[in-house]
Amino acid sequence: MNELKFGRQTISLEEAQQRVLRHVRLQETEEVPLFEAYGRWLAENVYAGSPLPHFRRSGVDGYALRASDTAGASLAAAVCLEVVETVPCGSVPAKTIGPGQAARIMTGASVPEGADAVVMLEMTNAVHQEIGLGGTVAVHKAMNPGDNVTPVGEEAAAGEQLLRKGCIIGPGEAAVLATFGHSLVKVYKRPRVAIFSTGSELLPVDAPLEPGKIRGSNGYMLACQVMQAGGVPLLMPFLPDEADRVERELLAAAEQTDLWITTGGVSVGDKDVLAELFGRWDGELLFNKISMRPGSPTSVGLWRDKPLFALSGNPGACYVGFELLVRPYLRASQGAPDPLPPAATAVLDADYGKGSAYPRYVRGASRVEHGTVRVRPAGRDKSSIMVSIRETDCLICLPAGGRGARRGELVRVLTIGD
Ligand SMILES: Nc1nc2c(c(=O)[nH]1)N[C@H]1C(S)=C(S)[C@@H](COP(=O)(O)OP(=O)(O)OC[C@H]3O[C@@H](n4cnc5c(N)ncnc54)[C@H](O)[C@@H]3O)O[C@H]1N2
Ligand code: MOO
Ligand SMILES: [Mg+2]
(Lines give C-alpha, C1' and ligand atoms only; values in the text may rest on other atoms or scores of the structure.)
(Ligands and ions follow the chains in the order given, each with its own letter.)
Protein backbone atom coordinates (compact mmCIF):
# COMPACT_ATOMS: atom_id res chain seq x y z
CA MET A 1 0.00 0.00 0.00
CA ASN A 2 2.84 2.33 0.85
CA GLU A 3 4.32 1.76 -2.59
CA LEU A 4 1.12 3.10 -4.11
CA LYS A 5 0.78 5.88 -1.62
CA PHE A 6 4.22 7.15 -2.44
CA GLY A 7 3.90 6.48 -6.16
CA ARG A 8 6.94 4.28 -6.36
CA GLN A 9 7.50 1.80 -9.13
CA THR A 10 10.53 -0.39 -8.70
CA ILE A 11 12.81 -0.85 -11.70
CA SER A 12 16.03 -2.81 -12.14
CA LEU A 13 19.41 -1.14 -11.77
CA GLU A 14 20.15 -1.86 -15.43
CA GLU A 15 16.96 -0.08 -16.48
CA ALA A 16 17.76 2.84 -14.16
CA GLN A 17 21.23 3.14 -15.69
CA GLN A 18 19.80 3.08 -19.22
CA ARG A 19 17.28 5.79 -18.34
CA VAL A 20 20.07 7.94 -16.92
CA LEU A 21 22.34 7.35 -19.92
CA ARG A 22 19.52 8.14 -22.37
CA HIS A 23 19.39 11.62 -20.92
CA VAL A 24 23.08 12.43 -20.93
CA ARG A 25 23.94 15.91 -22.10
CA LEU A 26 27.35 15.87 -23.71
CA GLN A 27 29.56 18.60 -22.28
CA GLU A 28 30.80 21.38 -24.52
CA THR A 29 34.45 21.20 -25.50
CA GLU A 30 37.35 23.47 -24.60
CA GLU A 31 41.04 23.65 -25.38
CA VAL A 32 43.42 23.17 -22.47
CA PRO A 33 47.23 23.26 -22.34
CA LEU A 34 48.66 19.79 -22.80
CA PHE A 35 50.14 19.85 -19.29
CA GLU A 36 46.62 20.23 -17.87
CA ALA A 37 45.02 17.55 -20.04
CA TYR A 38 45.82 14.61 -17.77
CA GLY A 39 42.69 12.64 -16.86
CA ARG A 40 40.47 14.49 -19.33
CA TRP A 41 38.49 12.90 -22.15
CA LEU A 42 39.74 13.79 -25.61
CA ALA A 43 37.13 15.50 -27.80
CA GLU A 44 38.72 14.84 -31.21
CA ASN A 45 40.51 12.10 -33.10
CA VAL A 46 44.26 12.65 -33.34
CA TYR A 47 46.20 11.65 -36.45
CA ALA A 48 49.93 11.52 -37.11
CA GLY A 49 50.77 14.85 -38.78
CA SER A 50 54.03 13.38 -40.07
CA PRO A 51 55.60 9.93 -40.14
CA LEU A 52 57.14 8.82 -36.85
CA PRO A 53 60.07 9.03 -36.92
CA HIS A 54 60.26 11.52 -39.76
CA PHE A 55 63.95 10.89 -40.48
CA ARG A 56 66.07 7.73 -40.50
CA ARG A 57 67.20 7.53 -36.90
CA SER A 58 70.18 5.79 -35.35
CA GLY A 59 69.25 3.34 -32.57
CA VAL A 60 72.73 3.28 -31.04
CA ASP A 61 75.86 5.33 -30.45
CA GLY A 62 78.45 4.20 -33.00
CA TYR A 63 79.29 4.60 -36.66
CA ALA A 64 76.95 4.92 -39.61
CA LEU A 65 78.33 2.99 -42.58
CA ARG A 66 77.56 0.93 -45.64
CA ALA A 67 76.85 -2.65 -44.52
CA SER A 68 78.53 -4.02 -47.65
CA ASP A 69 81.83 -2.46 -46.50
CA THR A 70 81.86 -4.65 -43.37
CA ALA A 71 81.66 -8.07 -45.08
CA GLY A 72 84.06 -10.45 -43.35
CA ALA A 73 84.63 -8.22 -40.31
CA SER A 74 84.81 -10.07 -36.97
CA LEU A 75 86.37 -9.75 -33.52
CA ALA A 76 89.59 -11.13 -35.00
CA ALA A 77 89.48 -9.25 -38.31
CA ALA A 78 88.58 -5.56 -38.61
CA VAL A 79 87.74 -3.48 -41.63
CA CYS A 80 88.99 0.09 -41.49
CA LEU A 81 86.78 2.96 -42.64
CA GLU A 82 87.49 6.65 -43.05
CA VAL A 83 85.45 8.77 -40.58
CA VAL A 84 84.14 11.75 -42.55
CA GLU A 85 82.06 13.55 -39.93
CA THR A 86 80.35 13.39 -36.54
CA VAL A 87 76.55 13.55 -36.36
CA PRO A 88 75.21 14.57 -32.96
CA CYS A 89 71.48 14.48 -32.10
CA GLY A 90 69.53 17.37 -33.53
CA SER A 91 71.83 18.08 -36.46
CA VAL A 92 71.55 17.23 -40.12
CA PRO A 93 74.43 15.21 -41.64
CA ALA A 94 76.45 17.27 -44.08
CA LYS A 95 78.02 14.43 -46.02
CA THR A 96 76.92 11.39 -47.96
CA ILE A 97 78.67 8.20 -46.90
CA GLY A 98 80.57 6.71 -49.80
CA PRO A 99 82.29 3.31 -50.08
CA GLY A 100 84.94 2.89 -47.38
CA GLN A 101 83.53 5.76 -45.32
CA ALA A 102 81.70 6.07 -42.00
CA ALA A 103 80.30 8.81 -39.74
CA ARG A 104 80.47 8.90 -35.98
CA ILE A 105 76.82 9.07 -34.88
CA MET A 106 74.81 9.29 -31.63
CA THR A 107 71.61 7.50 -30.59
CA GLY A 108 68.65 9.41 -32.00
CA ALA A 109 70.68 11.27 -34.64
CA SER A 110 69.86 11.37 -38.33
CA VAL A 111 71.59 8.62 -40.35
CA PRO A 112 73.49 10.17 -43.27
CA GLU A 113 72.62 9.47 -46.89
CA GLY A 114 74.56 6.54 -48.28
CA ALA A 115 74.78 4.75 -44.92
CA ASP A 116 72.42 1.80 -44.38
CA ALA A 117 73.55 0.50 -40.98
CA VAL A 118 75.02 1.72 -37.69
CA VAL A 119 77.56 -0.35 -35.80
CA MET A 120 77.67 -0.05 -32.01
CA LEU A 121 80.63 1.83 -30.59
CA GLU A 122 81.60 -1.26 -28.55
CA MET A 123 82.29 -3.17 -31.79
CA THR A 124 84.78 -0.60 -33.06
CA ASN A 125 88.16 0.93 -32.32
CA ALA A 126 88.71 4.50 -33.33
CA VAL A 127 92.12 5.22 -34.69
CA HIS A 128 93.51 8.76 -34.63
CA GLN A 129 90.05 10.08 -34.10
CA GLU A 130 89.48 13.65 -33.13
CA ILE A 131 85.89 14.63 -32.68
CA GLY A 132 84.69 16.54 -35.69
CA LEU A 133 87.86 16.00 -37.63
CA GLY A 134 87.39 12.40 -38.61
CA GLY A 135 90.09 9.79 -38.55
CA THR A 136 89.80 6.08 -39.07
CA VAL A 137 87.65 3.49 -37.39
CA ALA A 138 88.29 -0.25 -37.18
CA VAL A 139 84.98 -2.15 -37.35
CA HIS A 140 84.84 -5.62 -35.80
CA LYS A 141 81.39 -6.73 -36.88
CA ALA A 142 79.79 -7.64 -40.19
CA MET A 143 76.58 -5.62 -40.51
CA ASN A 144 73.37 -6.20 -42.43
CA PRO A 145 71.54 -3.37 -44.20
CA GLY A 146 69.09 -1.78 -41.76
CA ASP A 147 70.93 -2.84 -38.60
CA ASN A 148 70.34 -0.23 -35.85
CA VAL A 149 68.60 2.14 -38.27
CA THR A 150 64.99 3.05 -37.45
CA PRO A 151 63.23 3.59 -40.76
CA VAL A 152 60.97 6.56 -41.44
CA GLY A 153 57.44 5.80 -40.23
CA GLU A 154 58.39 2.71 -38.21
CA GLU A 155 56.00 3.74 -35.38
CA ALA A 156 53.35 5.49 -37.41
CA ALA A 157 52.69 6.48 -40.99
CA ALA A 158 51.64 10.04 -41.79
CA GLY A 159 47.87 10.33 -41.44
CA GLU A 160 47.51 7.26 -39.24
CA GLN A 161 44.93 7.62 -36.45
CA LEU A 162 46.66 7.44 -33.10
CA LEU A 163 44.06 8.59 -30.55
CA ARG A 164 40.33 8.15 -30.59
CA LYS A 165 37.81 10.76 -29.52
CA GLY A 166 36.54 9.76 -26.08
CA CYS A 167 39.79 8.28 -24.81
CA ILE A 168 41.05 9.40 -21.43
CA ILE A 169 44.36 11.23 -21.49
CA GLY A 170 47.09 9.44 -19.57
CA PRO A 171 50.87 9.24 -19.96
CA GLY A 172 50.82 7.44 -23.33
CA GLU A 173 48.24 9.80 -24.82
CA ALA A 174 50.15 12.85 -23.53
CA ALA A 175 53.31 11.57 -25.22
CA VAL A 176 51.47 11.15 -28.55
CA LEU A 177 49.95 14.62 -28.28
CA ALA A 178 53.34 16.17 -27.50
CA THR A 179 55.04 14.29 -30.35
CA PHE A 180 52.58 15.66 -32.87
CA GLY A 181 52.69 19.23 -31.63
CA HIS A 182 49.41 19.55 -29.73
CA SER A 183 50.27 22.23 -27.20
CA LEU A 184 46.52 22.74 -26.76
CA VAL A 185 44.21 19.76 -26.48
CA LYS A 186 40.50 19.68 -27.22
CA VAL A 187 38.71 18.02 -24.32
CA TYR A 188 35.19 17.94 -22.90
CA LYS A 189 34.53 20.57 -20.26
CA ARG A 190 34.45 19.21 -16.76
CA PRO A 191 30.86 18.97 -15.53
CA ARG A 192 30.12 21.20 -12.56
CA VAL A 193 28.24 19.34 -9.89
CA ALA A 194 26.39 21.09 -7.09
CA ILE A 195 26.28 18.86 -4.01
CA PHE A 196 23.56 19.51 -1.46
CA SER A 197 23.33 17.64 1.81
CA THR A 198 19.87 17.75 3.33
CA GLY A 199 19.02 17.03 6.92
CA SER A 200 18.36 19.17 9.98
CA GLU A 201 20.62 16.83 11.96
CA LEU A 202 23.74 17.84 10.01
CA LEU A 203 26.54 19.78 11.66
CA PRO A 204 29.48 21.38 9.85
CA VAL A 205 32.80 19.57 10.09
CA ASP A 206 34.29 22.05 12.53
CA ALA A 207 31.33 22.02 14.94
CA PRO A 208 31.37 20.17 18.27
CA LEU A 209 28.96 17.24 18.47
CA GLU A 210 25.51 17.86 19.88
CA PRO A 211 22.91 15.35 21.06
CA GLY A 212 20.96 13.92 18.12
CA LYS A 213 23.16 15.60 15.53
CA ILE A 214 26.01 14.35 13.37
CA ARG A 215 28.68 15.96 11.26
CA GLY A 216 27.70 15.73 7.60
CA SER A 217 30.17 13.49 5.79
CA ASN A 218 28.40 12.65 2.56
CA GLY A 219 29.14 16.00 0.90
CA TYR A 220 32.89 15.58 1.29
CA MET A 221 32.73 11.95 0.20
CA LEU A 222 30.71 12.89 -2.88
CA ALA A 223 33.05 15.77 -3.69
CA CYS A 224 35.91 13.24 -3.89
CA GLN A 225 33.82 10.91 -6.04
CA VAL A 226 32.92 13.78 -8.37
CA MET A 227 36.59 14.68 -8.76
CA GLN A 228 37.48 11.02 -9.40
CA ALA A 229 34.89 11.04 -12.17
CA GLY A 230 36.35 14.18 -13.78
CA GLY A 231 33.78 16.66 -12.47
CA VAL A 232 34.13 19.86 -10.49
CA PRO A 233 32.30 19.65 -7.17
CA LEU A 234 30.54 22.68 -5.74
CA LEU A 235 29.92 21.93 -2.09
CA MET A 236 26.80 23.84 -1.16
CA PRO A 237 25.62 24.73 2.36
CA PHE A 238 23.58 22.12 4.24
CA LEU A 239 19.85 22.33 3.72
CA PRO A 240 17.23 21.86 6.41
CA ASP A 241 14.37 19.40 5.92
CA GLU A 242 12.09 21.95 4.26
CA ALA A 243 11.01 21.18 0.70
CA ASP A 244 10.37 24.82 -0.32
CA ARG A 245 13.81 25.85 0.87
CA VAL A 246 15.45 22.90 -0.90
CA GLU A 247 13.63 23.76 -4.13
CA ARG A 248 14.71 27.41 -3.92
CA GLU A 249 18.35 26.56 -3.24
CA LEU A 250 18.54 23.96 -5.99
CA LEU A 251 17.12 26.38 -8.54
CA ALA A 252 19.38 29.18 -7.34
CA ALA A 253 22.38 26.98 -8.13
CA ALA A 254 21.08 25.95 -11.58
CA GLU A 255 23.09 28.55 -13.48
CA GLN A 256 26.42 27.48 -12.08
CA THR A 257 25.99 23.72 -12.39
CA ASP A 258 25.53 21.01 -15.00
CA LEU A 259 23.83 18.68 -12.58
CA TRP A 260 22.70 18.47 -8.99
CA ILE A 261 23.33 15.78 -6.42
CA THR A 262 21.39 15.74 -3.20
CA THR A 263 21.88 13.37 -0.32
CA GLY A 264 19.22 12.46 2.21
CA GLY A 265 15.48 12.79 2.31
CA VAL A 266 14.53 10.32 -0.43
CA SER A 267 12.74 7.68 1.60
CA VAL A 268 9.28 7.78 3.16
CA GLY A 269 9.99 9.66 6.38
CA ASP A 270 7.95 12.75 7.39
CA LYS A 271 10.94 14.92 6.61
CA ASP A 272 12.07 13.22 3.43
CA VAL A 273 11.99 16.44 1.49
CA LEU A 274 13.34 15.21 -1.83
CA ALA A 275 10.55 12.65 -2.01
CA GLU A 276 8.13 15.51 -1.27
CA LEU A 277 9.69 17.70 -3.93
CA PHE A 278 9.50 14.97 -6.58
CA GLY A 279 5.83 14.59 -5.68
CA ARG A 280 4.93 18.13 -6.69
CA TRP A 281 7.58 19.58 -8.97
CA ASP A 282 7.39 20.42 -12.68
CA GLY A 283 10.32 18.24 -13.71
CA GLU A 284 10.38 14.74 -15.21
CA LEU A 285 10.95 11.89 -12.78
CA LEU A 286 13.05 9.11 -14.35
CA PHE A 287 12.57 6.74 -11.41
CA ASN A 288 12.26 6.76 -7.65
CA LYS A 289 12.87 3.18 -6.66
CA ILE A 290 15.49 0.67 -7.78
CA SER A 291 15.60 -3.01 -6.94
CA MET A 292 18.99 -2.82 -5.27
CA ARG A 293 20.50 -2.73 -1.83
CA PRO A 294 21.76 -0.36 -0.66
CA GLY A 295 20.13 2.71 -2.12
CA SER A 296 16.72 1.43 -3.17
CA PRO A 297 15.02 4.85 -2.74
CA THR A 298 17.61 6.55 -5.00
CA SER A 299 15.69 8.82 -7.35
CA VAL A 300 16.67 10.71 -10.49
CA GLY A 301 14.76 13.43 -12.29
CA LEU A 302 15.26 16.02 -15.00
CA TRP A 303 14.57 19.61 -14.08
CA ARG A 304 15.17 22.63 -16.27
CA ASP A 305 17.01 20.23 -18.63
CA LYS A 306 19.44 19.15 -15.93
CA PRO A 307 19.56 15.89 -14.04
CA LEU A 308 18.98 15.80 -10.32
CA PHE A 309 20.43 12.75 -8.63
CA ALA A 310 18.74 12.34 -5.26
CA LEU A 311 20.93 9.89 -3.37
CA SER A 312 20.13 8.32 -0.07
CA GLY A 313 21.37 9.93 3.12
CA ASN A 314 22.73 6.67 4.45
CA PRO A 315 26.45 6.95 3.68
CA GLY A 316 26.83 3.42 2.28
CA ALA A 317 23.82 3.86 0.00
CA CYS A 318 24.97 7.34 -1.01
CA TYR A 319 28.40 6.04 -2.00
CA VAL A 320 27.03 3.08 -3.97
CA GLY A 321 24.32 5.20 -5.62
CA PHE A 322 26.98 7.56 -6.90
CA GLU A 323 29.13 4.77 -8.31
CA LEU A 324 26.27 3.01 -10.08
CA LEU A 325 24.40 6.03 -11.43
CA VAL A 326 26.22 9.35 -11.15
CA ARG A 327 29.68 8.23 -12.21
CA PRO A 328 28.35 6.64 -15.43
CA TYR A 329 26.47 9.87 -16.19
CA LEU A 330 29.55 12.03 -15.55
CA ARG A 331 31.73 9.77 -17.67
CA ALA A 332 29.25 9.72 -20.55
CA SER A 333 28.81 13.49 -20.40
CA GLN A 334 32.57 13.82 -20.92
CA GLY A 335 32.53 11.58 -23.97
CA ALA A 336 33.53 8.25 -22.42
CA PRO A 337 32.33 5.53 -24.80
CA ASP A 338 32.06 2.96 -21.99
CA PRO A 339 30.51 4.83 -19.07
CA LEU A 340 29.30 1.89 -16.96
CA PRO A 341 31.61 0.32 -14.37
CA PRO A 342 33.56 -2.57 -15.88
CA ALA A 343 32.61 -6.01 -14.56
CA ALA A 344 34.96 -8.85 -13.71
CA THR A 345 34.75 -12.25 -12.04
CA ALA A 346 36.43 -12.84 -8.68
CA VAL A 347 36.63 -15.48 -6.01
CA LEU A 348 34.77 -14.57 -2.84
CA ASP A 349 37.20 -14.70 0.09
CA ALA A 350 34.67 -14.68 2.94
CA ASP A 351 31.13 -15.88 3.54
CA TYR A 352 28.43 -13.27 3.03
CA GLY A 353 25.57 -14.56 5.07
CA LYS A 354 22.77 -12.17 4.26
CA GLY A 355 20.16 -12.76 1.57
CA SER A 356 18.17 -9.90 0.14
CA ALA A 357 14.95 -9.35 -1.73
CA TYR A 358 16.88 -7.12 -4.10
CA PRO A 359 20.26 -7.60 -5.79
CA ARG A 360 22.93 -6.39 -3.41
CA TYR A 361 26.02 -4.33 -4.22
CA VAL A 362 28.42 -5.04 -1.40
CA ARG A 363 31.35 -2.69 -0.88
CA GLY A 364 34.34 -4.92 -1.58
CA ALA A 365 38.11 -4.95 -1.20
CA SER A 366 39.98 -6.91 -3.86
CA ARG A 367 43.46 -8.30 -4.24
CA VAL A 368 45.28 -10.47 -6.74
CA GLU A 369 46.71 -13.76 -5.48
CA HIS A 370 48.52 -16.20 -7.79
CA GLY A 371 46.92 -14.50 -10.77
CA THR A 372 43.37 -14.73 -9.39
CA VAL A 373 41.28 -11.79 -8.22
CA ARG A 374 39.93 -12.42 -4.73
CA VAL A 375 37.43 -10.17 -3.07
CA ARG A 376 35.94 -9.78 0.40
CA PRO A 377 33.40 -7.37 1.86
CA ALA A 378 35.29 -4.22 2.88
CA GLY A 379 33.59 -4.27 6.27
CA ARG A 380 30.09 -4.42 7.66
CA ASP A 381 27.78 -3.73 4.80
CA LYS A 382 24.82 -2.00 6.42
CA SER A 383 23.66 0.95 4.40
CA SER A 384 24.14 3.30 7.37
CA ILE A 385 27.74 2.22 7.91
CA MET A 386 30.30 4.68 6.64
CA VAL A 387 33.68 3.35 7.78
CA SER A 388 33.70 0.39 5.37
CA ILE A 389 33.90 2.80 2.43
CA ARG A 390 37.59 3.40 3.25
CA GLU A 391 38.85 0.12 1.83
CA THR A 392 36.31 -0.21 -0.96
CA ASP A 393 37.74 -0.66 -4.45
CA CYS A 394 34.90 -2.59 -6.06
CA LEU A 395 31.28 -3.61 -5.59
CA ILE A 396 30.47 -7.30 -5.19
CA CYS A 397 27.20 -8.07 -7.01
CA LEU A 398 25.07 -10.64 -5.23
CA PRO A 399 21.80 -11.69 -6.88
CA ALA A 400 18.51 -11.36 -5.05
CA GLY A 401 17.24 -14.11 -2.79
CA GLY A 402 19.08 -17.05 -1.30
CA ARG A 403 21.24 -16.89 1.75
CA GLY A 404 24.02 -14.70 0.48
CA ALA A 405 27.17 -16.30 -0.88
CA ARG A 406 29.84 -18.70 0.38
CA ARG A 407 33.59 -18.31 0.52
CA GLY A 408 35.18 -19.73 -2.64
CA GLU A 409 32.19 -18.95 -4.88
CA LEU A 410 32.75 -17.01 -8.08
CA VAL A 411 31.11 -13.60 -7.92
CA ARG A 412 30.68 -10.69 -10.30
CA VAL A 413 32.44 -7.50 -9.24
CA LEU A 414 32.21 -3.98 -10.60
CA THR A 415 35.42 -2.02 -10.42
CA ILE A 416 35.40 1.51 -9.11
CA GLY A 417 37.26 4.52 -10.38
CA ASP A 418 39.09 4.92 -13.66
N1 LIG B 1 9.80 3.17 6.55
C2 LIG B 1 10.87 3.12 5.76
N3 LIG B 1 12.03 3.60 6.23
C4 LIG B 1 13.10 3.56 5.45
C5 LIG B 1 13.02 3.00 4.18
C6 LIG B 1 11.79 2.52 3.72
O7 LIG B 1 11.66 2.01 2.57
N8 LIG B 1 10.73 2.61 4.55
N9 LIG B 1 14.14 2.94 3.42
C10 LIG B 1 15.39 2.85 4.14
C11 LIG B 1 16.43 2.90 3.22
S12 LIG B 1 16.64 1.52 2.28
C13 LIG B 1 17.28 3.96 3.14
S14 LIG B 1 18.61 3.86 2.12
C15 LIG B 1 17.08 5.16 3.91
C16 LIG B 1 17.07 6.37 2.99
O17 LIG B 1 17.14 7.47 3.74
P18 LIG B 1 17.02 8.94 3.17
O19 LIG B 1 17.66 9.00 1.84
O20 LIG B 1 15.64 9.41 3.29
O21 LIG B 1 18.01 9.74 4.08
P22 LIG B 1 17.74 10.45 5.47
O23 LIG B 1 16.50 9.91 6.06
O24 LIG B 1 17.85 11.88 5.27
O25 LIG B 1 19.00 9.95 6.27
C26 LIG B 1 19.29 8.60 6.45
C27 LIG B 1 20.48 8.49 7.40
O28 LIG B 1 21.63 9.06 6.79
C29 LIG B 1 22.18 10.09 7.62
N30 LIG B 1 22.69 11.18 6.77
C31 LIG B 1 21.96 11.98 6.01
N32 LIG B 1 22.71 12.89 5.40
C33 LIG B 1 23.97 12.66 5.79
C34 LIG B 1 25.22 13.28 5.51
N35 LIG B 1 25.30 14.33 4.69
N36 LIG B 1 26.32 12.78 6.08
C37 LIG B 1 26.24 11.71 6.91
N38 LIG B 1 25.08 11.08 7.21
C39 LIG B 1 23.97 11.55 6.68
C40 LIG B 1 21.02 10.55 8.44
O41 LIG B 1 21.41 11.21 9.62
C42 LIG B 1 20.29 9.24 8.68
O43 LIG B 1 20.91 8.53 9.73
O44 LIG B 1 15.85 5.18 4.57
C45 LIG B 1 15.52 3.92 5.21
N46 LIG B 1 14.29 4.06 5.92
O1 MOO C 1 18.16 1.31 0.05
MO2 MOO C 1 18.77 1.34 1.77
O3 MOO C 1 20.26 1.91 1.30
O4 MOO C 1 19.15 -0.37 1.63
O5 MOO C 1 19.30 1.14 3.52
MG1 LIG D 1 14.78 9.51 5.36
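I began at Gly 216, which sits in the loop between strand 15 and helix 4 (218–228); helices (DSSP H or I, at least four residues) and strands (E, at least two) are numbered from the N terminus. The model is predicted, with local features needing pLDDT of at least 70 and side-chain atom pairs 80 or more, while totals for chains, interfaces and linings use all residues; side-chain values use heavy atoms, without hydrogens or water. Residues count from 1 along each chain as written, and chains are lettered from A and ligands numbered from 1 in written order.

**Gly 216, continued.** Is Gly 216 buried or exposed? I have it as buried, because its relative accessible area is 9% (buried is under 20%, exposed over 50%, partly exposed in between; 1.4 Å probe, protein chains only). I then looked across to Val 266, which is 50 residues away from Gly 216 along the chain. The C-alpha atoms of this pair are 16 Å apart.

**Domains.** I noted four domains for the chain, with bounds from an automatic or database assignment. Domain 1 is made of two stretches, 3–28 and 189–334. Domain 2 also has two, 32–52 and 154–188. Domain 3 runs over 57–150, and domain 4 over 343–415. How far apart are the centres of domain 2 and domain 4? Taken over C-alpha atoms, I get 38 Å for that pair of centres.

**Magnesium.** Next I went to ligand 3, a magnesium ion.

**Arg 363.** My next stop was strand 22, residues 360–369, which holds Arg 363. I call Arg 363 buried, since its relative accessible area is 1%. What does its side chain touch, by way of a polar contact? I see a polar contact with the side chain of Ser 388, at 3.0 Å (N or O atoms within 3.5 Å; within protein one donates a hydrogen and the other accepts it, and sequence neighbours need both atoms in side chains).

**Two cis prolines.** I turned to the backbone here. Leu 52 and Pro 53 are joined by a cis peptide bond, with omega about -10°. For Pro 53, I wrote down the loop between strand 2 (46–47) and strand 3 (57–58). A cis bond also leads from Arg 293 to Pro 294, with omega near -5°. Pro 294 belongs to the loop between strand 18 (284–287) and strand 19 (299–303).

Last, I checked Arg 304 and Asp 305. Which loop holds Arg 304? I place Arg 304 between strand 19 and strand 20 (306–311), and Asp 305 is likewise in the loop between strand 19 and strand 20. Arg 304 is not a glycine, yet its phi is positive, about 50°. Asp 305, not a glycine either, has a positive phi of about 70°. How exposed is each? I list Arg 304 as partly exposed, because its relative accessibility is 48%. Asp 305 goes down as exposed, because its value is 59%.

Notes:
Donors = N, O, S within 2.8 Å, 3.2 Å for Na, K, Ca; no water.
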